[in-house]
Amino acid sequence: MREPNIYGSDTLDAELAPQFAPATSDLPPWGKTTVVGAAVPRIDGHDRVGGTAIYTRDIALPGMLHCAIVHSPHAHAMVKRIDTTAAKAMPGVHAIITCDSPEAKIPWILTNQGAFSQLLDPHCRYEGEEVAAIAAETPLQAADAARMIVVEYDVLPMVVNYEVATKPDAPKLHAVGNQPSPARTSQRGDVEAAFAKADAVVERTFHTSCEMHVPLEVHGSVAQWDSGKLEVWDSTQGVYAVRDSLALALKLPLSSVRVSSHFMGGGFGGKLELGKYTVFAAVLARMTGRAVKCVLTREDTLRSVGNRPANTISIKAAARKDGTLLALDATLLGASGAYPTGATSSYMLLDLYTCANVRAVESSVLINAGQARAFRAPGYPQAAWALEQVMDELAGKLGMDPVEFRLKNIPVVSQLRSGQPYTSTGLADCLRDGAEKFGWAAARKRPANKGHVKRGIGIAAGMWGSPGGPTATVILKLYADGSANVNSGAADIGTGTKTIFAQVVAEELGVPVERVSVENADTGTTQYAPSSGGSQTVLVTTPAVRSAAADVKTPLLALAAEELKIDVDKLTIRDGNIEIAGDTKKVPFSALRSLAQRQQLVGVGRRAPHPVGKVGLPFAAHFAEVEVNTRTGEVRVVRYVAAQDSGRVMNALTFENQVLGGVTMGIGFGLTEQRVLDRQTGKLASGSWHDYKIPTAMDFPVDFQCVPIDLQDKECNSVGAKGLGEPATIPAAAAIANAVCNAIGARIYDAPITPASIVNALASKGGK
Amino acid sequence: MSDRGNKGPCGPQKHVNRRGFLTTISTSAAAAVVVGAATPVAAEAAPRDATEPTPIVLYVNGRKYRLAVEPRETLISVLRERLGLTGSKPGCERGECGACTVLLDGSTRYSCMTLAVEAQDHIITTIEGLANGEELSDVQQAFIHEDGYQCGFCTPGQVMAAEGLLRKNPKPSIDEVRLGMSGNLCRCGAYGHIFKAVQQAASTRQSGGAK
Ligand code: FES
Ligand code: FES
């Protein structure tokens, strides 16, 4: 529903003025922790490996109907006529909605320029756009009936090449034209003057392909009404975001919509917003008085629920002989798809390195393809692909080691945030420690191997520009037996959120992790938390968990003081016990009669505001070694070191897991993943995992090392952690591209690097 | 002793490099709904006999089930929709991801590429059949211990693939683990931890622990 506008740097940290001063905003930073940071296995591991975890896909309610969706087979067309007569007569069919139904008019793609579409829009702007939905007794009956719906279309001229779409004579998707928002320029210093003083200049143009999220669990929802109230199970990263948009779409009070997502099978940014499938389920459930399940097909997920938009990025960069980066001048163009959304991010270009003179001009353009959505660090891997290759070329021109060149330009303040200092900057440590663990210096000196399989090494750095959202509330219940329950609306999208919450409670109260349960991701029963996206869950919500734990300590000590008849100042809480100063006796929580009488103590925790005048952001440096077969063009990543500064490591196991997952995704972006749209018809040619290749077990390097840089950031928030999910993927593809260049002595500017592009690069270089 | 061959009447489709595997599939049984024809063509609707309920007997996790299924129904759909065994996950329903992996007579098998009628007379084991009550199998425990998952949606399939691999090859080398697991996609990209989990389970089993 909402236009996901999280690309622009100026919208990344829309901090609200704090409306209250949380009592615990001044929790002192932890020193050494024992449970937080340890390799604690997940508290919900049993469900995940046992097959007992219930995902949205698994929900079955009594009398539940199944939905099938009818899509436009054309990239650009106007529906002339829909005939549902035959479909209605099919066995098991209960309800059908089409572009002609009143429900079809629900406004869709809401922007500050108005709604760009509606729930079922007769104007179909990409192949796969929805024109009808059916509810039937079984999934097969719904699919059978969907096939019987007759739709006549007027086929319109279409454009899927985004560079062509910017031309004045290109087919138009909307009355406002293909570029509804003007280009945006960000700059500081004097770029032209700086180029005049440069010792080395590099100017290059890069293309990155459109990448698809394709989480293993397809998008889907189950909806059920009960006396005017709507209950929805959705595979989502943000139950509150979906609830808000759904209430708006159906004109319901927020209190009448409940959305939950206890287990969800991956999102990567593609499940941050309300999907049409959710509204179909809700509308069909209202029409039939039955629960309705609507799940997409795998092919749908490759067409209609988001992507990382293709980018064209041109950069001209200049440096002085001593390695000072002098100027960066960039233009970025991104393909939004059929509806407006920012499709580029210049944040990293403008802030990763100290550079006095920069300019970035960004624009997005509409094409007849599915709309882009936030995708794990929106715009950043594309920017890293361009920037980090240009940095390598500049280092080459200056005769400098690429690591040294980057170290020469480390920022100590955020230039984009008017010179605010960072609470911690681990970029230099990432570069140094990563290089050491990788054996960078020695590997650089290695002579080139003689055979047709060439080895090469590469490095790339990155950062993530968001310190997280403004607010989260957590409720903690301490029960009479000393066990505890954490209540937070945050979704655990596979990052280990629930486990980290339990660790924080265990750390604060000394309760064993096994005695902490977590209730989450349900707008009906759990407290507000921002969506799990933008690498913000740990840094926004765990401080609130810590604050809630602190909030039960005060009443607990008061109870203990009264019961034990000891001055409250003499009591402390450690390891699940009340300890008395000057006394070796320890009183376990469970021995407190007054706690037993009350049954539970409830603590409320809120996140303190961001530090004033400073910003805490994560950094990374990745080192890759590749083997390139110069006969076949095949590239294999054989060794990898990922150094990450994300502040405190909350859980050693899940931290490493995020990093290797981010790198795996980067391997796909750099080497195999590519949405292909047929230029003649605009249809998707890569509509399956056979044609759209994500990394498999064969693609992940066994020789992999994650190097956490734990800087003890005492200021970013009360747990000292910065984001991890996004920075773990940002530099990966660029590091591989630099390694490929090092291996074959020719640079490839377009992602992904395919066997064909290797062979072409070698051919134009004139030899092997 | 190869763990890659297509053996038996149902031809295990796993332990084949996923990319090589392309060549072994010629049709897609559970194709996505694609609509677009201006007029419904009778032949486009499912042929009548594909929907005619057919009695079958399935042996799943040591139990015998008598059911009437449509011949076009896949094993995964029958396991999930009729038997309530939702542990096997549909990731693609066309033989691309392995999330639906079960054991058929002890060999890994994509249950989305198997018709329920084909699975008659075979011993089927799903993720729900690996544990002994609440006590998890060695492979399941190893996945928890090594954090061999993130979102967990591919995990039941990964665990079944690992179980199938270890039954055929109790001491896989790391390259055999990679190859053996390459029919199971993990978009969260937890492969590094999955390899460790498989190796740990192998060594537990070698040293006589569990199963
Ligand atoms: S669901 Fe069977 S292989 Fe994907
Ligand atoms: S754990 Fe999410 S897809 Fe494998």
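1. Let me start with the boundary inside chain A, bearing in mind that this is a predicted model. Between domain 2 of chain A and domain 3 of chain A the count is one salt bridge. The partners are A:R373 and A:E273, whose side chains meet with an N to O distance of 3.5 Å. That value falls inside the cut-off, which asks for a Lys or Arg side-chain nitrogen within 4 Å of a carboxyl oxygen of Asp or Glu.

2. Which elements give two or more residues to the side of domain 2 of chain A that touches domain 3 of chain A? They are β4 (107-111), β5 (114-118) and α8 (298-301) of chain A. Sorted by class, that side has 14 nonpolar, nine polar and eight charged residues.

3. For the setting, chain A is divided into three pieces, each built from separate stretches of sequence: domain 1 (9-55 + 468-606), domain 2 (58-159 + 213-304) and domain 3 (309-376 + 425-466 + 613-764). The C-alpha centres of domain 2 of chain A and domain 3 of chain A are separated by 35 Å. In contact there are 31 residues of domain 2 of chain A and 25 residues of domain 3 of chain A.

4. Domain 2 of chain A and domain 3 of chain A bury about 2,400 Å² between them, with 61% of it on carbon and sulfur atoms. On the side of domain 2 of chain A, the residues that lose the most area to domain 3 of chain A are A:H213, A:F268 and A:L302, which together make up 23% of what that side buries.

5. Now to the two chains. The contact takes 73 residues from chain A and 69 residues from chain B. About 5,900 Å² is buried between chain B and chain A, and carbon and sulfur atoms give 58% of that area.

6. How many salt bridges does the rule find across the interface of chain B and chain A? There are eight. A:R42 forms a salt bridge with B:D147, and their closest N and O atoms are 2.7 Å apart. Residue pairs in polar contact between chain B and chain A number 32, again with both residues at pLDDT 80 or more.

7. On the side of chain B that touches chain A, at least two residues each come from α1 (18-21), α3 (75-82), α4 (138-145), α5 (155-168), α6 (174-180) and α7 (191-206) of chain B. Of these, α7(B) gives the most, with five residues. By class, this side of chain B has 34 nonpolar, 16 polar and 19 charged residues.

8. Next, the rings. Over all chains the count comes to 14 aromatic pairs. Among them, A:W385 and A:F669 are edge-to-face, at 6.5 Å centre to centre and with 75° between the planes. This pair links distant parts of the chain: A:W385 sits in helix α10 (residues 380-398) of chain A and A:F669 in helix α17 (residues 652-672) of chain A, 284 residues apart.

9. Two backbone details to look at in the viewer. The peptide bond from A:A751 to A:P752 is cis, with omega near -5°. A:P752 is placed in the loop between β31 (750-751) and α19 (755-765) of chain A. A:S418 has a positive phi of about 40° although it is not a glycine. The loop holding A:S418 runs between β18 (413-414) and β19 (420-421) of chain A.

Note on methods:
Residues are numbered from 1 along each chain as its sequence is written. Chains are lettered from A and ligands numbered from 1 in the order in which they are written. This is a predicted model: local features need pLDDT of at least 70, side-chain atom pairs count only at pLDDT 80 or more; totals for chains, interfaces and linings use all residues. Side-chain values use heavy atoms; hydrogens and water are left out. Domain bounds come from an automatic or database domain assignment. Contact means heavy atoms within 4.5 Å. Buried area is the accessible area (1.4 Å probe) that two parts lose on being put together, summed over both. Helices (H or I, at least four residues) and strands (E, at least two) are DSSP runs, numbered from the N terminus. Ala, Val, Leu, Ile, Met, Phe, Trp, Tyr, Cys and Pro count as nonpolar, Asp, Glu, Lys and Arg as charged, and the others, Gly among them, as polar. Rings of Phe, Tyr and Trp (its six-membered ring) pair if their centres lie within 6.5 Å; planes under 30 degrees apart count as stacked, over 60 as edge-to-face and the rest as tilted. A polar contact is a pair of N or O atoms within 3.5 Å; within protein, one must be able to donate a hydrogen and the other to accept it, and residues adjacent in sequence count only if both atoms are side-chain atoms.
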